[in-house]
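Here is a friendly walk through a few spots worth a look. Please keep the viewer open while reading.

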Amino acid sequence: SPWKPVLLLLSPPAFSTTCARCAKDRRLRAKRAISERQLTRYFVDQRKVRVVGGQGGGGGHSFYSEPRKIFGGPDGGNGGDGGHVILKADQQMKSLSAVFPFYQGFHGERGGSKNCYGANGAHVYVKVPLGTLVKEDGKVVADLTQHGEEYVAAYGGAGGKGNRFFLSNENRAPTFFTPGEPGQDRVLHLELKTTAHAGLVGFPNAGKSSLLRAISRAKPAVAAYPFTTLNPHVGIVHYQDYEQVAVADIPGLIKGAHQNRGLGMAFLKHIERCRFLLYVVDLSVPQPWIQLQDLKYELEAYEKGLSERPCVVIGNKFDLAQSRINLPLLRERVAERVIALSALTGDNLEELLFHLRELYDTYVKTEQSRGQSPVKW
């Protein structure tokens, strides 16, 4: 016959779901570690925001009319109010990077016939991290420190009045109505101050990031050059009775930081919210007590009384030979308690954890005696 059989060769599939060796790998991949340079793009502690409340809906203009009741009178309802823009503190937020530069509330709907009121505009909630300061023209207007705390940043406009509102004995058929009012328009400056129980304060390369890695699960960048940490990190120290102490790693300070040298004022403000301070000094350098004097001077020059908060001096890098020589000299010249440890080897970390809990318990008792609730994580 003229017809000849044709053999079709089908190419095999790219992968098989039945063969375990050829099956496509569907396992969840772990997230890549974000470097300190990349993290600076996600950590934002200042933001300028324009907030505008929603415009109120206009009043309705209509007259009731139906068969056998032609002159029913005015029945235009009032317009709905515009929605507010509300800042809400959320403990899940850690940065202002998710805050947009402009927010506007939803507009109210126009009033309808048959005395129907227009619907109010929905509110717009903006989540901000705990410790956010709201400033307007350099003046603090709100301080959001508690979870769920709210601040109305811009009020929505009131709805307009319908012609039914203007009905009176003198005017039985009013024809005028009022439009909705515009919402409040403000320009606010949001400033984040890290809220933590303890703050690690020290010069660059003192070992603050290594110490935070040793006592918590935080993973700040660690390297052998200064200013490795470019933004604050908060690590949580867990205890057996389920208490949690938050420790903030403040980027390294230098002389003249209160004059905005180095990282300066941008990170000194994060120390203001710390209830007690952990001064980290490098025991291996000559005369480590000078570091402590310079740190206290910078804190006191930035804010009076900041260096007088409850504190402890941590002598880091105790595993080095020079550190063992400088330790007794440091204790002679320092009135505060000195804890010598090594964040690299983990020596004597228990003493720091015990003393950290003592400082935390003292802070809790002090706040409760004043009738205030202590900050909990």
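What follows covers a threonine, a helix and some salt bridges in this predicted model.

Let us begin with T132, which lies in strand β5 (residues 132-136). Its relative accessible area is 0%, so T132 is buried. A polar atom of the T132 side chain lies 2.6 Å from the backbone oxygen of P129. Further along the sequence, the residues that T132 touches include L96, A142, D143 and L144, as well as L190, E191 and L192.

Next comes helix α2 (residues 208-215), where K208, S209, L211, L212 and I215 are buried. Seen down the axis of α2, these buried residues fall within an arc of 160°, so they line one face of the helix. They pack against strands β9 (198-201), β10 (233-238), β11 (244-249), β12 (276-282) and β13 (311-316), and against helix α6 (349-369).

Now to the charged pairs. The structure holds ten salt bridges, and the table lists three of them.

| Pair | N to O distance |
|---|---|
| R50 and D185 | 2.7 Å |
| D282 and K317 | 3.2 Å |
| R337 and E351 | 3.2 Å |

R337 sits in the loop between α5 and β14 (338-340) and E351 in helix α6, 14 residues apart. R50 belongs to strand β1 (residues 46-52) and D185 to strand β8 (residues 185-192), so this pair ties together parts that are 135 residues apart in sequence. R50 is partly exposed at 38% relative accessible area, and D185 is partly exposed at 44%.

Terms used: Residues numbered from 1 in each chain as written. Predicted model: local features only at pLDDT ≥ 70, side-chain atom pairs only at ≥ 80, totals over all residues. Heavy atoms only, no water. Helix = DSSP H or I, 4+ residues; strand = E, 2+ residues; numbered from the N terminus. Buried < 20%, exposed > 50% of the residue type's maximum accessible area, 1.4 Å probe, protein only. Polar contact = N/O pair within 3.5 Å; in protein donor to acceptor, adjacent residues only side chain to side chain. Contact = heavy atoms within 4.5 Å. Arc of directions from axis to C-beta. Salt bridge = Lys/Arg side-chain N within 4 Å of Asp/Glu carboxyl O. Lists of a residue's contacts leave out its neighbours within four places in sequence.
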